[in-house]
Amino acid sequence: MSPTPMLQLESLTTTFPGERGPVPVVDDLSLTLTRGEVLALVGESGCGKSVTALSILRLVPRPGRIERGRVLFGGRDLRTLPVAQMRAVRGAEIAMIFQEPMTSLNPVLGVGAQVVEAIALHQPLPRQAAWQHAQQLLALTGIPDPVGRMRNYPHQLSGGMKQRVMIAMAIATRPALLIADEPTTALDVTIQAQILELLRELRQQLGTAVLLITHDLGVVNELADRVAVMYAGRMVELGPREQVLSEPRHPYTQGLLRAMPARARRGQRLTEIPGVVPAPQHWPAGCRFATRCPLAQALCHEVVPATTALSPTHEVACHAVARADWPMPRAGSQRLSLPHGPGAGPSGPSGPAGPAGPAGPSRSPRSLQQAERGAASDARPAQAGPAAAAALGRETGAPLLRVEELRTWFPIRSGMLQRSVGWIKAVDGVDLICPAGRTVALVGESGCGKTTVGRSILGLERARAGRVYFDGVDLLALSPRQLLPYRRALQIVFQDPMASLDPRMRARDIVAEGMISFRIGANDRERTERVAELMRRVQLDPDQMGRYPHEFSGGQRQRLCIARALAVGPRLLICDEATSALDVSIQAQILNLLRQLQDELQLSFLFITHDLGVVRYLADRIAVMYLGQVVEEGSTERIFEAPQHPYTRALLAAIPAIDPARRQARARVRGDVPSPARPPPGCRFHPRCSEAQARCPIEAPPLFPWADGRSRCFLAAQPPHGGPAADQPVRSTSDGRGSAPPGRTLVVRAKLAVEGGARPLDLEPAGTLFERPRKQRAPLRLLAQRHMNVAQLREHLRASHLLLAGGELEQERA
């Protein structure tokens, strides 16, 4: 006997007014949710997932309305409840976590006051008791120092902490149903792991049912019990997580899975779903996926497919499943295979595809696992696995971009005169190399300085120190006039295409703007022809040149940004989270486009992202950043197969697995990223590291070489198989990078200044002795431990907020 449903949607239809009458955005939707169950609602943007959630709570924005159907919750039809009773249900029995926490939190109220408000609305508690309960809720969600955070404003919290505040408000009254609308979109994998673990604990401890709305199939595999796949307002597949992810029967579900970047697809084109979800007013008759389906036949364009039950728990709305005479695999391990590899299926301009004829692609049965491995002929020769990656690590040619000791600090100002009282060390000594024609990924949590590195390379942020060599020329040493020719060679694609495009300019003018600035093209006609060529290159229709940005889809806007960057003929393209908030289908199109452009134009990419699945598919080398520094760098295969730094291992362990057989608890990193204004002394990761040693809080590790990369961790210096350690002390060298010989103490003389006016002895780091000078103005002498070299000591002083007032450290005889 099946359990009684807690939530039951019966033929729910939500409409918005259109030119020809009401337009259904959610169309005849039926599903159930039982107590303690997690149901994932997946699909591309525009499929109606969020409108479904808003319909349950009767929060559909006007002029939208629920046209028909029932929303049964605990036996009551929420559509018929009076407004006062429905207001009591919201928050007390059904709570919602919205996708954008910053737009849901009041920016002028402290987070504690907002959590207390959510408690007081449904629980008549004294203010002191409500305040204590709010602190307990923040502690339950894993926010460090909940007492101190209660008085913070939303802008003072990181994205992950703001999301946890929203969760604290949602669970304040222990609701029976929690609707989570994209709760982890654009979050780091470590914060994402914490959020998912919290939802899992709430389900176990409180018996809360969760309706999870997401397009991340890895998150679905980690948390969901059942999966409901929506397309164009209708349910196309519903079943247990294991069956839907391992035995997908609807072509749309298979397309979503095949579009996911994975290790097996490295060096191959991702399978794209051609076109985009059509607007509700343009939904076709018959099967709404038919215009994008490679297996569509004439019947699909005429008749709406009925829902077919494959088992008591698995149902699909597809003619191919319902008809016995359909020439395709119907059950078992022999399942439908979508086209794979270059030339398979349409790859033209993004937009609704035309009807597919009955001929279509080959329908020979092939398992999904075999399809993921792909044919050898589809592999990209230059990216063919570990051997190619190792060869890349042995390259000796001059790099296109070389960054050395880059530092970008922002002043902390206080008082009426806004005097500088400290520094935010957003980028603090970054070294980076990007070879020509290759992709280097810069990864790390939010706030680690990735975007600041990219903006500093371009000169959009003023670096305090360091060198940025492009083709052997130090860009930071050039004047603005001297830097102008290099602006053409370095371009950037921003994370949010809508925010980086002028809404008052047409696509033609947006792409041609750079050409006009650099005087590319003899006249407007020549530039217009080049714009048309660029739009075709990025798979946009040149006939769309007269459109404004809001008339394009999200993926099309990102293609427009890429065309704008390519218009001036760059050699290096910096992609700042260019695919982080895109659907997997649109993401596949953008990733395929970037690979194609790199092959055709020999472009170099600096790919800034926190999506390690994309990194493994696209990047040749990876640099991992933490708190303003690169903590590990190496080839992609080496980083994923044998990471040396504990932070890198934590990032990799937090990646959600798409394979149902690999479902496991997500790894968690303790605490949050410390403030870059006060980075911890020694190794900056040691307060959150489970493998920290006694020396880690004392000494700042340098970048130790290993294999074809480097790692800023003492564990990387451990002697392998009894061999000599990588940090074995050697005799001093003329460049000051050597360390003292064994048995001796390194003595250096330095004139020091202290940040913020603090006394040096108040900031004395453990393990380093300060010798007081005999004369008042004599330089301070420092006696370092014998295992600390000059470079480590310089880093140690910086971590302790001590600055060199003049010159470099001067080494004396011990």
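What pLDDT does the protein average, and what share of the residues score at least 70?

1. **Confidence overall.** This is a predicted model. The protein averages a pLDDT of 78. A score of at least 70 is reached by 77% of the residues. Among the elements, strand β9 (residues 226-231) has the highest mean pLDDT, at 96. Helix α13 (residues 368-373) has the lowest, at 33.

2. **Where to be careful.** Over residues 329-397, pLDDT stays under 50. The model still gives this stretch 135 contacts beyond four places in sequence. Residues 719-788 also have pLDDT below 50. Here the model shows 141 contacts beyond near neighbours in sequence. Where pLDDT is low, the predicted coordinates should not be read in detail.

3. Look at β7 (residues 177-181) and β8 (residues 209-213). They run parallel and are joined by five bridges. One place to check is L178, whose bridge partner in β8 is V210.

4. **The four-strand sheet.** A second open sheet has the order β14-β13-β16-β17, with antiparallel pairing. Strands β14 (419-434) and β17 (473-474) each have a single partner strand, so one side of each is left without a neighbour in the sheet. Strand β16 (residues 465-470) is joined to β17 by two bridges, and the two run antiparallel. F470 stands opposite V473 in β17. Helix α15 (residues 450-458) lies across β13 (401-414), β14 and β16. It runs at about 110° to β13.

5. **Two crossing helices.** How do α4 (residues 111-122) and α5 (residues 127-140) meet, and at what angle do their axes cross? The axes come within 9 Å and cross at roughly 110°. That makes α4 roughly perpendicular to α5. The crossing is right-handed. From α4, the contact uses G112, A113, V115, V116 and I119. From α5, it uses R127, A130, W131, H133, A134, L137 and L138. By class, the contact has nine nonpolar, two polar and one charged residues.

Note on methods
Residues numbered from 1 in each chain as written. Predicted model: local features only at pLDDT ≥ 70, side-chain atom pairs only at ≥ 80, totals over all residues. Heavy atoms only, no water. Axes fitted to C-alpha atoms, helices over the stretch in contact; angles between N-to-C directions. Parallel < 35°, antiparallel > 145°, perpendicular 65-115°, else oblique. Left-handed = near helix turned anticlockwise from the far one by under 90°. Contact = heavy atoms within 4.5 Å. Nonpolar A, V, L, I, M, F, W, Y, C, P; charged D, E, K, R; others polar. pLDDT = per-residue confidence, 0-100. Pairing = 2+ DSSP bridges.
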